[in-house]
Amino acid sequence: MTKIDHTHDPKLKSWVESANDNSDFPIQNLPFGIFSYDGARPRGGVRIGDKILDIFAALTAGLFAGDLFEAAEAASQETLNSFLALGEGPRRALRKRLSKLLAEGAEEAKRVARCLHDCDNVKMHVPTRIGDYTDFYVGIHHAINVGKLFRPDNPLLPNYKYVPIGYHGRASSIQPSGTSIKRPMGQTKALDADAPWFGPTQRLDYELELGIWIGQGNPQGEPISISKASASAAGFCLLNDWSARDIQAWEYQPLGPFLSKNFGSTISPWIITPEALAPFQIPQPKRPPGDPEPLAYLLDEQDQQSGAFDIELEVLLQTPGLAKQGLQPHRLSLSNTRHMYWTVAQMIAHHTVNGCNLQPGDFLGTGTISAPDRTGFGSMLETTEGGKHPVELASGEQRAFLEDGDEVILRARGRRDGYVTIGFGECRATITPAR
Ligand code: MN
């Protein structure tokens, strides 16, 4: 279990005042990301309120000495691969130093202030050079809901409660929040048609997921044991796994998703560390009576006691009609990471149990995390039951699936009595037309 220390103290405030005002990024958060400004090369930064601390500038200003120098240098580079590879010790030490530098009353405040940028003036990038991306399917309510649409009598296949199901996704098309997504073209086939049709997807959907950044990986042939697996998760973000449901329905058998998924995925750009999430760790919710125990290689007492997270997940939809009338985005969903059937450690232990090697900067998606009822479903497919019950918007518009010009916004918050609420920042993107 990640330890609570003085960096989590709810009384701690920053001299960066925007951090103290219900920001997603109070001094208790301190996520890492890659930013650029004025066309300069991308480099590592730490988010605090509405500012970014330029780690390279802080390094040059002599703010990190001794062992901290190595960690800060790794975090100042063009990608965060080598920083994530350092693991928990150096990451925790750097967090403590950053917390001290940014806390109210810090003697170095003037020097640190010269290393800050306004968030509005920078561009955020994908934070690592992602070698491989794997998407899991651990949201059990999503698996049941989707299964029902295809197999009303037998929604959950028999392997689900034994195997953390996943597929290998496409790393090259992962984009940072704010990058638009072009509606994909593809083959689709109506149930009553004799042959497929080629054209833009008519059933464009989002998927609400938690993303996991891999830190220390494993040599090929040497699995990561369940007791050590949580230490390989170096951080977290939001993931929107855009999905073309009509393309998916036609192509997915027998090998699984392909062009219905790999045209684009959007992530929130800040890596929220395990240290920042320590207050929101919870026991893995008990399996319902009658469910099997996980096999031994997926079962660890410590992981069962603290390997799950209580993080609120939210989906908002902004449409051209809502924007035109000055209306707020429509909340499509409010869910929570506690609805994951498998823990992050179980996902990692399973991924590597056959000897598959994970590498620093690799990326995992949890799969869509739906709550048990409609107010928390993590995709349009579920909320509208495959388009049968469109969502009604305050603008008078309806949505069975996403339309061109729609913008999907994902948010996440860790909230617990006695602790400061932290957020993940936004994961947002607008749909542009196919042609
Ligand atoms: Mn997915």
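Predicted model: local features only at pLDDT ≥ 70, side-chain atom pairs only at ≥ 80, totals over all residues.

Mentor: Residues are numbered from 1 along each chain as its sequence is written, and side-chain values use heavy atoms, with hydrogens and water left out.

Trainee: How far apart do the C-alpha centres of domain 1 and domain 2 lie?

Mentor: The domain bounds come from an automatic or database domain assignment. Domain 1 covers 6–125, and domain 2 covers 133–309 + 336–385. The distance between their C-alpha centres is 30 Å.

Trainee: What area is buried between domain 1 and domain 2?

Mentor: Contact means heavy atoms within 4.5 Å, and 23 residues of domain 1 are in contact with 18 residues of domain 2. Buried area is the accessible area (1.4 Å probe) that two parts lose on being put together, summed over both. Carbon and sulfur atoms give 66% of it here, and the area is about 1700 Å².

Trainee: Which residues of domain 1 lose the most area to domain 2?

Mentor: On the side of domain 1, three residues together account for 33% of what that side buries. They are Leu84, Arg91 and Met124.

Trainee: Which residue forms a salt bridge with Arg91?

Mentor: A salt bridge is a side-chain nitrogen of Lys or Arg within 4 Å of a carboxyl oxygen of Asp or Glu. Side chains of opposite charge can pair when their charged atoms come close. Across the interface of domain 1 and domain 2 the rule finds one salt bridge. With the closest N and O atoms 2.7 Å apart, the partner of Arg91 is Glu275.

Trainee: Which element gives the most residues to the side of domain 1 that touches domain 2?

Mentor: Helices (H or I, at least four residues) and strands (E, at least two) are DSSP runs, numbered from the N terminus. Among the elements that give two or more residues to this side are strand S1 (32–36), helix H3 (81–85) and helix H4 (88–102). With four residues, the element that gives the most is H4.

Trainee: Is Thr188 buried or exposed?

Mentor: Buried means under 20% relative accessible area, exposed over 50%, and partly exposed in between (1.4 Å probe, protein chains only). Thr188 lies in strand S10, and beyond residues up to four places away in sequence it touches Pro196, Trp197, Asp246, Ile247 and Trp250. Because its relative accessible area is 8%, Thr188 is buried.

Trainee: What is the relative accessibility of Pro196?

Mentor: Pro196 is placed in the loop between strand S10 (185–188) and strand S11 (197–200). Leaving aside neighbours within four places in sequence, Pro196 is in contact with Gln187, Thr188, Lys189 and Trp250. Pro196 counts as partly exposed, at a relative accessibility of 40%.

Trainee: Which backbone oxygen lies 3.1 Å from a polar atom of the side chain of Thr352?

Mentor: Thr352 is found in helix H12 (residues 344–352), and it counts as buried because its relative accessibility is 0%. Its side chain reaches the backbone oxygen of Ala349 at 3.4 Å. The backbone oxygen at 3.1 Å is that of Ile348.

Trainee: How many residues apart are Asp404 and Arg183?

Mentor: The side chains of Asp404 and Arg183 meet in a salt bridge, at 2.7 Å from N to O. The pair links distant parts of the chain, with Asp404 in the loop between strand S23 (398–399) and strand S24 (407–414), and Arg183 in the loop between strand S9 (181–182) and S10; the separation is 221 residues.

Trainee: In which strand does Arg428 lie?

Mentor: Arg428 forms a salt bridge with Glu407, the closest N and O atoms being 3.0 Å apart. Glu407 lies in strand S24, so the pair ties together parts that are 21 residues apart in sequence, and the strand of Arg428 is S26 (residues 427–432).

Trainee: How many salt bridges does the structure hold?

Mentor: Some of the salt-bridging residues are linked in a network, namely Asp205, Glu207, Asp241, Arg245 and Lys261. Another pair is Arg411 with Glu426, whose closest N and O atoms are 2.8 Å apart. For the structure, the number of salt bridges is 24.

Technical notes:
Polar contact = N/O pair within 3.5 Å; in protein donor to acceptor, adjacent residues only side chain to side chain.
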